[in-house]
Amino acid sequence: MDMDFKIRRASKADAGEIARIHVGATRAAYREIYTAEYLDGLSVEDRAHRWVEEGKGHLTLGAPFGVFVAFDSGVMVGFADVGPAEENNRAELYAIYLDPDYVGKGAGKALFQACADYAKQHGFSTMTTNVLSKNSLARKFYERMGGIEAPETERLVETGGTKERVISYQWHAF
């Protein structure tokens with residue numbers, strides 16, 4: 001049964017907590033995929049700076065970028081980031097990251113819905129996301145959210161100190 005999470009738009013003041021979740025979730029989700037050196041080198045301070053970097057950080061850019069945060073009893077437990085994709089009229093779900101203790105409890109679903117609603121409100125007719133092919137937990141989540149795997153998009157990328165395959169999922173007419 002899903003828990004009840006408070007979802008709201010993130011602000012610059014949330015950058016530190018978003019970064020904490022980003023680093024912790026990355027280390028948990030990718031420990032069997034990314035190199036230990038890469039994971040050990042992740043920095044909350046660096047991630048927080050990236051979120052608010054002038055002209056680049058999605059917490060400073062505003063619409064059509066939308067960053068959302070999830071709370072349980074006043075504690076931030078996850079975030080999601082959505083905005084324009086390179087293709088016209090398509091939104092991209094850039095990220096959903098959760099505190100590992102909250103995976104499978106409904107926070108990801110609530111954040112996904114906030115991003116889908118935001119994309120619709122901003123005139124996007126489809127949404128896409130990219131996920132590591134080896135990230136079976138995320139792939140199953142996107143499939144439960146109605147995402148359609150696009151096998152023709154699978155490609156090799158350099159990420160996390162290694163080369164990994166990435167595949168896209170798409171949502172149409174949501």
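Predicted model: local features only at pLDDT ≥ 70, side-chain atom pairs only at ≥ 80, totals over all residues.
A pocket is taken here as an open set of points, on a 1 Å grid over the protein atoms alone, with protein on both sides within 12 Å along at least five of seven lines, and its lining residues are those that have an atom within 4 Å of a point. Grid points are joined across faces, edges and corners, and a volume is the space filled by probe spheres set on the points. Residues are numbered from 1 along each chain as its sequence is written, and side-chain values use heavy atoms, with hydrogens and water left out.

By these criteria the largest pocket has a volume of about 1,400 Å³. Its lining is made up of 45 residues, and Tyr-30, Tyr-94, Ala-95, Ile-96 and Tyr-97 are those that lie nearest the pocket centre. Helices (H or I, at least four residues) and strands (E, at least two) are DSSP runs, numbered from the N terminus. At least two lining residues come from each of α1 (15-29), α3 (44-52), β4 (90-98), α5 (107-121), β5 (126-132), α6 (136-144) and β6 (148-159), and the largest share, seven residues, is supplied by β4. When Ala, Val, Leu, Ile, Met, Phe, Trp, Tyr, Cys and Pro are counted as nonpolar, Asp, Glu, Lys and Arg as charged, and the others, Gly among them, as polar, the lining of the largest pocket comprises 25 nonpolar, eleven polar and nine charged residues.

In α3 the buried residues are Arg-47, Ala-48 and Trp-51; seen down the helix axis they fall within an arc of 100 degrees, so they line one face of α3, the arc being that of the directions from the helix axis to the C-beta atoms. With contact defined as heavy atoms within 4.5 Å, the elements that cover these buried residues of α3 include α1, α2 (36-40), α4 (58-61), β2 (66-72) and β3 (75-84). In α6, Ala-138, Arg-139, Phe-141 and Tyr-142 are buried, and they cover an arc of only 160 degrees around the axis, which puts them on the same side of the helix. Leu-137, Lys-140 and Arg-144 are exposed on the other side of α6, while the cover over its buried residues includes β4, α5, β5, β6 and β7. Gly-146, which follows α6, has a positive phi near 90 degrees.

A nonpolar core is a set of buried Ala, Val, Leu, Ile, Met, Phe, Trp, Tyr and Cys residues joined through side-chain atoms within 4.5 Å. The largest such core has 29 residues, and Phe-112, Met-127 and Tyr-142 have the most contacts inside it. Each of β2, β3, β4, α5, β5, α6 and β7 (162-172) supplies at least two residues of this core, with α5 giving the most, eight residues. Another core, of 24 residues, lies apart from it and has Ile-18, Val-67, Phe-71 and Leu-132 among its members.

Residues up to four places away in sequence being set aside, Tyr-142 touches Leu-93, Thr-129, Val-131, Gly-147, Tyr-169 and Trp-171. Of these, Gly-147 is placed in the loop between α6 and β6 and is buried, with a relative accessible area of 11%. The C-alpha atoms of Gly-147 and Trp-171 are separated by 5.2 Å, although these residues are 24 residues apart along the chain. Tyr-169, in strand β7, is likewise buried, with a relative accessible area of 0%, and its contacts beyond four places in sequence include Met-127, Arg-139, Tyr-142 and Gly-147.

Two loops show backbone features of note. Most residues other than glycine have a negative phi, and most peptide bonds are trans. The peptide bond from Ala-63 to Pro-64 is cis, with omega near 10 degrees, and Pro-64 lies in the loop between α4 and β2. Ser-73, in the loop between β2 and β3, has a positive phi of about 50 degrees although it is not a glycine, and is exposed, with a relative accessible area of 72%.

Key. 1 Å grid on protein atoms, 1.4 Å probe; cavity = no way out; pocket = protein on both sides within 12 Å on 5 of 7 lines; lining within 4 Å. Buried < 20%, exposed > 50% of the residue type's maximum accessible area, 1.4 Å probe, protein only.
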